[in-house]
Amino acid sequence: QLWDTAFAAQAIVASGMADRFEPMLRNVYSYIDKTQVRDDPPSKDRFYRHLSKGGWPFSTQDHGWPISDCTSEGLKAALDIE
């Protein structure tokens, strides 16, 4: 979900028509913000988990595993919208 949303937002901004979709882009920005992983998993060292805090997962925050490609696209979309 994040992956598709980030690409759609980037396309709208790149098209130069962001002002025509302002209410939707506000919702997209809110979704991107809510999807970002805010905390590392408990006992991450015990289960050999990498840092998660600050990244973005493929779908939703419940997925919990940040993916480098999704993190870069989520961050780029957030910066493009802002």
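Okay, housekeeping. Residues are numbered from 1 along each chain as its sequence is written, and side-chain values use heavy atoms, with hydrogens and water left out. As it's a predicted model, local features need pLDDT of at least 70 and side-chain atom pairs count only at pLDDT 80 or more, while totals for chains, interfaces and linings use all residues.

Let's start with H1, residues 2–14, and H2, residues 22–35. Helices here are DSSP runs of H or I, at least four residues, numbered from the N terminus. These two pack at about 145°, axes 11 Å apart; axes are lines fitted to C-alpha atoms over the stretch in contact, and angles run from 0 to 180 degrees between N-to-C directions.

Who touches whom? H1 brings Leu2, Thr5, Ala9, Ile12 and Val13, and H2 brings Met24, Leu25, Val28, Tyr31, Ile32 and Thr35, contact being heavy atoms within 4.5 Å.

Now H2 against H3, residues 68–81: the axes come within 10 Å and cross at roughly 140°. From H2 we get Leu25, Val28, Tyr29 and Ile32, meeting Gly74, Ala77, Ala78 and Ile81 of H3.

Then there's the largest nonpolar core, with twelve residues, among them Leu2, Leu25, Trp56, Cys70 and Ile81. A core means buried Ala, Val, Leu, Ile, Met, Phe, Trp, Tyr and Cys joined through side-chain atoms within 4.5 Å, buried being under 20% relative accessible area with a 1.4 Å probe, protein chains only. H1, H2 and H3 are the elements giving it two or more residues.

Last stop, Cys70: leaving aside neighbours within four places in sequence, Cys70 contacts Leu2, Trp3, Trp56, Pro57 and Phe58.

Terms used: Buried means under 20% relative accessible area, exposed over 50%, partly exposed in between (1.4 Å probe, protein chains only).
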